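Q: I'm new to this one. Can you walk me through it in short answers?

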Amino acid sequence: MWLQIMLMPIATPFLFVYGTLLLSDNDFGRYLKNNCTFFSHGRFKGKLFDIGEYPGAIIDQSGNHYVHGSIYKLHNADKVLKILDEYEGVGENEIQPNLYTRGILQVDTTDGSYPCWVYLYNWPLDAKVFIEGGDYLKYKR
């Protein structure tokens, strides 16, 4: 399913974030909030893991688990995504394979489903801790 989503020839002004970009003491989180507008809370079918200093999400359509986060409308998508790609370790100049991949995924809200850019974890999950409930902010409290 992820490959199909990555190959969809569409663009979207929305970004779904579920981890450290939601934290108020994160410089890139502040950058995001200064260059985007909060749109809605959302979720997608997947699993969230504690990678150490940050979480990693994967798609899992087979289970009953969700990754929870926030959707932002990007003011200048190309510029903001370029900066966030560096933060997330995405790009040909980053460690290969990239730590995360960025693609478009349908994210559910109480008002419907929206195509959003999402960063998904791209490395092995051996010995990583599953975050029950899929909400990083609740997990960090």
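**A first tour**

A: Start with Arg 102, which is partly exposed, with a relative accessible area of 21%. Buried means under 20% relative accessible area, exposed over 50%, and partly exposed in between (1.4 Å probe, protein chains only).

Q: What kind of model is this, and how are residues numbered?
A: The model is predicted: local features need pLDDT of at least 70, side-chain atom pairs count only at pLDDT 80 or more, and totals for chains, interfaces and linings use all residues. Residues are numbered from 1 along each chain as its sequence is written, and side-chain values use heavy atoms, with hydrogens and water left out.

Q: What is the mean pLDDT of the chain?
A: The mean is 92, and 93% of the residues reach 70 or more. pLDDT is the predictor's confidence in each residue, from 0 to 100.

Q: Where does pLDDT stay under 50?
A: Over residues 1-8. For that stretch the model has 13 contacts beyond four places in sequence. Contact means heavy atoms within 4.5 Å.

Q: Back to Arg 102. Which side chain does Arg 102 meet in a salt bridge?
A: That of Asp 85, at 2.8 Å, N to O. Asp 85 lies in helix H3 and Arg 102 in strand E5, so the pair ties together parts that are 17 residues apart in sequence. A salt bridge is a side-chain nitrogen of Lys or Arg within 4 Å of a carboxyl oxygen of Asp or Glu. Helices (H or I, at least four residues) and strands (E, at least two) are DSSP runs, numbered from the N terminus.

Q: Is Asp 85 buried or exposed?
A: Buried, with a relative accessible area of 11%.

Q: Which other residues of H3 are buried?
A: Val 80, Leu 81, Leu 84 and Glu 88 are buried along with Asp 85. Seen down the axis of H3, the buried residues fall within an arc of 140 degrees, so they line one face of the helix. The arc is that of the directions from the helix axis to the C-beta atoms.

Q: What do they pack against?
A: E1, H2, E2, E4, E5 and E6.

Q: And which exposed residues sit on the face of H3 turned away from the buried side?
A: Asp 78, Lys 82 and Glu 86.

Q: What follows H3?
A: Gly 89, whose phi is positive, near 75 degrees.

Q: New topic: H2. Which of its residues are buried?
A: Gly 29, Tyr 31 and Leu 32, in a helix that covers residues 27-34. Seen down the axis of H2, these fall within an arc of 160 degrees, so they line one face.

Q: What covers them?
A: The cover includes strand E1 (14-17), strand E2 (36-50), strand E4 (66-74) and helix H3 (77-88). The face turned away from the buried side carries exposed Asp 27 and Asn 34.

Q: Which residue caps the N-terminal end of H2?
A: Asn 26 does. One of its side-chain oxygens lies 2.7 Å from the backbone nitrogen of Phe 28.

Q: Which residue does Asp 27 meet in a salt bridge?
A: Arg 30, at 2.2 Å, N to O. Both lie in H2, 3 residues apart, about one turn of the helix. Arg 30 is partly exposed at 37% relative accessibility.

Q: How many salt bridges are there?
A: The count comes to 3. One of them joins the side chains of Asp 60 and Lys 47, at 3.5 Å, N to O. This pair links distant parts of the chain: Asp 60 is in the loop between strand E3 (55-59) and E4, and Lys 47 is in strand E2, 13 residues apart. Asp 60 counts as buried at 15% relative accessibility.

Q: Now the loops. Where is Thr 20?
A: In the loop between E1 and H2. Thr 20 is buried, with a relative accessible area of 12%.

Q: Which side chain does Thr 20 join in a polar contact?
A: That of Tyr 87, at 2.6 Å. A polar contact is a pair of N or O atoms within 3.5 Å; within protein, one must be able to donate a hydrogen and the other to accept it, and residues adjacent in sequence count only if both atoms are side-chain atoms.

Q: Which peptide bond is cis?
A: The one from Gln 96 to Pro 97, with omega near -10 degrees. Pro 97 is in the loop between H3 and strand E5 (100-109).
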